[in-house]
Amino acid sequence: MAQRVTIIVNPIKVDDLDGFRSTVNQALTERGYDEPVWLETTVDDPGYAMAKQVADDPVELLVVAGGDGTVRIVCAELAHTEIPIAILPSGTGNLLARNLGIPLQVETALSALLDGRTRVIDIVGVEGDGMDADRFTVMAGLGLDAAIMADAPDPLKKRLGWAAYLVSAAKNLNHRSVRVRITVDDHPPLTRRARTVIVGNVGTLTADVALLPDARPDDGLIDVVVLTPTRLSHWPGLAWRILTRSVAPDRHVHRLAGRRVHVEAARPMQRQLDGDPIGPGRTLTAQVEQDALSLRAPAESDG
């Protein structure tokens with residue numbers, strides 16, 4: 001029986017594309033897959049047409065190799081199709097891969113994914129003022145986190161890796177707060193002056209930082225964290241709480257969870273989806289789409 005496979009790769013994120021192709025082709029051949037079809041993203045099309053091609057002509061396996069943005073675009077297009085997707089980490093953050101327990105080294109990741117299992121996870125639909133309806137797999141944010149993403153361009157990330165985000169964070173630490181109103185499901189709204197609001201499908205960042213310690217990609221819920229430090233001197237204590245995964249009550253950290261989250265800000269804030277800046281706006285509405293993605297994962301993965 002034919003085992004067709006398509007590979008969508010962002011060539012900018014792969015240092016040795018020929019070597020990468022050879023490694024992937026060999027691993028697939030050893031496991032009985034047909035010769036793969038390779039599709040490369042471009043500056044003009046970061047993955048939309050390639051993912052739509054697969055959605056229109058389903059294959060037994062889709063491999064996506066790129067950064068978090070490439071992964072998000074492909075997964076958003078293939079939500080609810082039941083096409084198994086194997087994510088080969090190739091970017092700076094690789095956040096969905098990290099949260100699924102996928103190794104970051106190519107050969108190890110290939111073995112873990114191709115010899116692993118298919119698991120079903122959620123994706124999150126999102127809309128807001130000045131943006132088209134979209135989806136994310138990892139996190140959406142308004143405020144400081146989006147400013148950090150915007151100030152960490154690809155050349156800096158390529159040179160410094162995830163440390164580029166630390167450089168950008170230092171530049172934006174005094175990012176001004178904005179009054180926000182956050183409504184989760186049918187609960188009374190929470191109003192705060194926030195530096196940032198992050199809505200997540202998963203919770204762990206690089207360096208194993210659990211920003212949303214209760215977030216799970218298959219629990220049918222969206223987790224929210226609202227950070228409200230009022231001065232620079234509050235940041236060290238807040239950072240320590242996050243690094244130590246403390247869930248005790250704190251006046252500068254507010255956590256919520258539900259199936260639908262609506263955020264409305266008093267003035268436009270920077271916004272991001274899975275690390276990609278999407279422009280400023282005052283609103284963001286996220287709705288969980290439960291069991292929407294079929295992903296390959298290591299056999300022991302339960303993140």
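Student: How many cavities of 30 Å³ or more does the count come to by this rule?

Tutor: One. Keep in mind that we're looking at a predicted model. The largest cavity holds about 30 Å³ of space.

Student: What makes a space like that a cavity and not a pocket?

Tutor: A 1.4 Å probe fits in a cavity but cannot get out, whereas a pocket is an open set.

Student: Which residues line the largest cavity?

Tutor: Gly-66, Gly-67, Asp-68, Val-71, Ile-87, Pro-89, Asn-94, Leu-96 and Ala-97. The elements giving two or more residues to this lining are α3 (68-78), β4 (85-89) and α4 (95-99). By kind, the lining splits into five nonpolar residues, three polar and one charged.

Student: Why is Asn-94 called buried?

Tutor: Its relative accessibility is 8%, and buried means under 20%. So Asn-94 counts as buried. You'll find Asn-94 in the loop between β4 and α4.

Student: What does Asn-94 touch, leaving out residues up to four places away in sequence?

Tutor: Gly-66, Asp-68, Pro-89 and Leu-104. Touching here means heavy atoms within 4.5 Å.

Student: Which residues have the most contacts inside the largest nonpolar core?

Tutor: Phe-20, Ile-85, Ile-87, Leu-88, Leu-96 and Leu-295, in a core of 56 residues. A second, separate core has 24 residues, including Val-126, Ile-222, Val-261 and Val-263.

Student: And what does Ile-87 touch, again not counting residues up to four places away in sequence?

Tutor: Val-64, Val-71, Leu-96, Ala-97, Ile-102, Leu-113 and Leu-295. Remember that Ile-87 also lines the largest cavity, along with Val-71, Leu-96 and Ala-97.

Definitions and conventions:
Residues numbered from 1 in each chain as written. Predicted model: local features only at pLDDT ≥ 70, side-chain atom pairs only at ≥ 80, totals over all residues. Heavy atoms only, no water. Core = buried A, V, L, I, M, F, W, Y, C linked by side-chain atoms within 4.5 Å. Buried < 20%, exposed > 50% of the residue type's maximum accessible area, 1.4 Å probe, protein only. 1 Å grid on protein atoms, 1.4 Å probe; cavity = no way out; pocket = protein on both sides within 12 Å on 5 of 7 lines; lining within 4 Å. Points joined across faces, edges and corners; volume = space filled by probe spheres on them. Helix = DSSP H or I, 4+ residues; strand = E, 2+ residues; numbered from the N terminus. Nonpolar A, V, L, I, M, F, W, Y, C, P; charged D, E, K, R; others polar.
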